[in-house]
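Could you walk me through this protein model as if I were new to structures?

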Amino acid sequence: MNKIIIAISTLVLFASCNNKKEKTVDYAVIQGVVSNAKSKELTLYKSYQSLKKIKIKNDGSFVDTLRLEKGGYTFGSKANITPVYLFPGANLMINFDESTDKKNISVAGNGALESNFLALKSEGRRNFYGEEGEKFYALKEEDYKSKLINYKEDLINKLNSNTEYPKDFVTLEKRDLNFYYIEMLLKHQEMHRYFGKDSTYTVSKEFLKDTENVSYELEQDYKYSHTYQGLVRQHYQNIAKKAELEQGIAYDIAYINALGTNKNDFIRNSLLIDAASGVITYVNDIETYYNSFMKFSTNEEDKKVITNLYNQLQLTAPGKVSPLFVDYENHKGGTTSLEDFKGKYVYIDVWATWCGPCLYEVPYLQEVEKQYHDKNIVFVSISVDANRDYNKWKQMVTDKKMGGVQLYADKSFDSDFAKDYIIKAIPKFILIDPDGKIVKSNAPRPSDKKLINLLEELGV
């Protein structure tokens, strides 16, 4: 009897010690091998945004520990990109082969079941893009909807048929599939008009019935589903466009006001900071925009960020003395500074060779230059191309016969001029008066008739 008691006590003690040694795992491990590696690193993405770079060792292996929110991500390099499902305790072994341009990936380990489902879901959506996608969008509503339903139900059946999938994963994935179905229904009319070459095509009310009564305040879905995030943004963008057309409210302010109606704090705050952190540097009525943001946001840290931007922007408000650029390289030779143009209006175009919208404005800018070639105004283009694109800048200015004064910023977006004007996106157009004071830090683009109207009002 005593032996039994001793044995049980020993087992209890052993179990107790083991429990003390066990630690809650709050991280995921991602590791593997890249065969025939052409890349030096792999990238982890969330909703198309780069989160982390993971180096590939000389032998092709890689490993990293990640502390991230549970959910779907994408991982890889170039053509070898694969969805991965990460959560505390996940341990994925991912092998890539970069010997061909074709996708050659295998995923195993804890979390592979979910990751491979995400890959299957992603692969199925390829039928809605490229050449196959063009044929798909050209279908009439009945056939179009039928293909979407088949895609959705096929994946739902796979989720239902395998009991090894975690219940929360199954629930969220089913919801994500339905959100994708709704998103595709909503875009059908516009896409069919283009690919079906029928500008009058209009979908029926019955076709859109499944898109009714969607809630845009589902926090768990917003955190999990990139598709749902897109649906929510599109919903409020539509409201803003309607307010712009029917009430004449500037779109940016109408959008902030629309976001303010969302009752879920997390979703509303997320959308507000995403919109304002970039747009506030471009809006014309910054006072109204800032006040609306402060009214609707309940996130104190976000308020500090936007307030800081707002205060900085006051330094480049109309009537303020413009920040300077000094000794920027001139394409024609030598260097040029802003003060060289004292006594003239200066219209500045901040651009780069890789920027499509910037290049779109070039011919319009050339036309404005011709129209004002003998007036008291100088047109200055400042390239913020990185050093690696310096030669590309030199060649493009020559090839496109770009006029005006062509300058090269000293440190790209890190130049003092770009920082002082809080330039976060390009193209950016600035108008400065003959005394060196700011007329508009967000001047109209050359393609906008408002530019000519502004110059005429100023008597240029």
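**Pockets and packed helices**

Sorted by class, the lining of the second largest pocket comes out as 11 nonpolar, 3 polar and 8 charged residues. Keep in mind that the model you're looking at is predicted. This second largest pocket holds about 660 Å³. To find it on your screen, look for Y282, N284, N442, A443 and D448, which lie nearest its centre among the 22 residues that line it. Three elements, α8 (251-259), β14 (428-432) and α15 (449-458), each give at least two residues to that lining.

Now for the largest pocket. How are spaces like these found? Rolling a probe the size of a water molecule over the atoms shows where empty space is left. In the largest pocket, that space comes to about 1400 Å³. It is lined by 41 residues, and the ones closest to its centre are Y48, R125, Y129, H226 and T227. By class, the lining of the largest pocket splits into 15 nonpolar, 13 polar and 13 charged residues. Both strands and helices take part: β2 (41-46), β5 (71-77) and β6 (80-86) each supply at least two lining residues, and so do α2 (112-124), α5 (167-195), α6 (219-224) and α7 (226-247).

Two of those helices, α2 and α5, also pack against each other, so let's look at them next. Two packed helices are described by the angle between their axes and the distance between the axes. For α2 and α5, the angle is about 10° and the axes are 12 Å apart. Angles under 35 degrees count as roughly parallel, and therefore α2 and α5 are roughly parallel to each other. Which residues of α2 and α5 meet? On the α2 side you'll find E114, F117, L118 and K121, and they meet F169, E173, D176 and L177 of α5. That contact has 4 nonpolar and 4 charged residues, with no polar ones.

There's another helix pair to visit: α9 (residues 265-279) and α11 (residues 300-313), whose axes come within 11 Å and cross at roughly 15°. The crossing of α9 past α11 is left-handed. N269, I273, A276 and S277 make the contact from α9, while D302, V305, I306 and L309 make it from α11. Sorted by class, the contact of α9 with α11 has 5 nonpolar, 2 polar and 1 charged residues.

Technical notes
Residues numbered from 1 in each chain as written. Predicted model: local features only at pLDDT ≥ 70, side-chain atom pairs only at ≥ 80, totals over all residues. Heavy atoms only, no water. Axes fitted to C-alpha atoms, helices over the stretch in contact; angles between N-to-C directions. Helix = DSSP H or I, 4+ residues; strand = E, 2+ residues; numbered from the N terminus. Left-handed = near helix turned anticlockwise from the far one by under 90°. Contact = heavy atoms within 4.5 Å. Nonpolar A, V, L, I, M, F, W, Y, C, P; charged D, E, K, R; others polar. 1 Å grid on protein atoms, 1.4 Å probe; cavity = no way out; pocket = protein on both sides within 12 Å on 5 of 7 lines; lining within 4 Å. Points joined across faces, edges and corners; volume = space filled by probe spheres on them. Parallel < 35°, antiparallel > 145°, perpendicular 65-115°, else oblique.
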